[in-house]
Amino acid sequence: MINDIQKDADQRMDKTIESFRHDLAKIRTGRAHPSLLEHIMVPYYGTDTPINQVASISVQEGRTLVLQIFDKGAIQDTEKAILKSDLGLTPNVAGQVIRITMPPLNEERRKELIKVVRGEAENAKVAVRNIRRDANNSAKELEKEKELSEDDLRRAEEQIQKLTDTKVARIDELLEEKEQELLEI
């Protein structure tokens with residue numbers, strides 16, 4: 001039973017870390033990366049469609065995203081979707097190609113993005129701690145039902161705490177990497 005609780009907590013914590021990593025990928029660092037546009041939806045024939053299903057996205061010269069649109073009819077809708085996104089990017093249309101040049105980040109914007117990243121990291125840590133609490137509560141329920149001894153409960157809580165500590169350390173590592181990336185000029 002305890003192994004199931006720990007395994008479930010581990011999987012849920014891993015999903016939290018993966019979600020945090022995905023959120024970090026959306027925060028631009030002045031370098032072009034196709035994942036910046038992942039969350040943009042393009043109204044394509046009346047249906048909101050992910051941008052990567054409307055165009056192929058590639059990086060050119062490190063600071064420019066190039067979108068090769070599959071259907072000429074989707075060019076304007078794709079351009080509008082990029083403009084409406086919260087990324088603050090300006091697309092340049094040339095035939096069936098849209099180019100997006102990443103503007104360099106100024107010092108003030110870098111500091112704002114670091115605050116955003118730290119907030120995301122804190123949210124991820126809170127989620128991991130909530131998973132720890134749920135796992136500990138499940139173990140305590142087993143102890144109340146006399147399916148677990150007090151010593152086993154204590155051992156289980158220690159193992160869950162170790163698991164939590166490793167996951168929080170991983171979140172801190174990802175945070176540190178992103179902060180370094182944001183501070184690069």
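Colleague: Which side chain meets Asp172 in a salt bridge?

Modeller: Side chains of opposite charge can pair when their charged atoms come close. Here, a salt bridge is a side-chain nitrogen of Lys or Arg within 4 Å of a carboxyl oxygen of Asp or Glu. Asp172 meets Lys125 in this way, at 2.6 Å from N to O. Asp172 lies in helix H4 (residues 150-183) and Lys125 in helix H3, so the pair ties together parts that are 47 residues apart in sequence. Helices (H or I, at least four residues) and strands (E, at least two) are DSSP runs, numbered from the N terminus.

Colleague: What should I know about the model itself?

Modeller: The model is predicted: local features need pLDDT of at least 70, and side-chain atom pairs count only at pLDDT 80 or more, while totals for chains, interfaces and linings use all residues. Residues are numbered from 1 along each chain as its sequence is written, and side-chain values use heavy atoms, with hydrogens and water left out.

Colleague: Is Lys125 buried or exposed?

Modeller: Buried means under 20% relative accessible area, exposed over 50%, and partly exposed in between (1.4 Å probe, protein chains only). Lys125 has 13% and is buried, whereas Asp172, at 31%, is partly exposed.

Colleague: What is the salt bridge partner of Arg12?

Modeller: Arg12 pairs with Asp134, and their closest N and O atoms are 3.1 Å apart. Arg12 is in helix H1 and Asp134 in helix H3, so this pair ties together parts 122 residues apart in sequence. Both belong to a network of salt bridges that links Asp8, Arg12, Arg133 and Asp134.

Colleague: At what angle do the axes of H1 and H3 cross?

Modeller: Two packed helices are described by the angle between their axes and the distance between the axes. Axes are lines fitted to C-alpha atoms, for helices over the stretch in contact, and angles run from 0 to 180 degrees between N-to-C directions. The axes of H1 (residues 2-26) and H3 (residues 107-144) come within 10 Å and cross at roughly 170 degrees. That makes H1 roughly antiparallel to H3 (under 35 degrees is roughly parallel, over 145 roughly antiparallel, 65 to 115 roughly perpendicular, the rest oblique).

Colleague: In what order do the strands of the open sheet stand?

Modeller: Two strands pair if DSSP finds at least two bridges between them. The four strands run in the order E3-E4-E6-E5, with antiparallel pairing. Strands E3 (55-60) and E5 (91-94) stand at the edges with a single partner strand each, so one side of each lacks a neighbour in the sheet.
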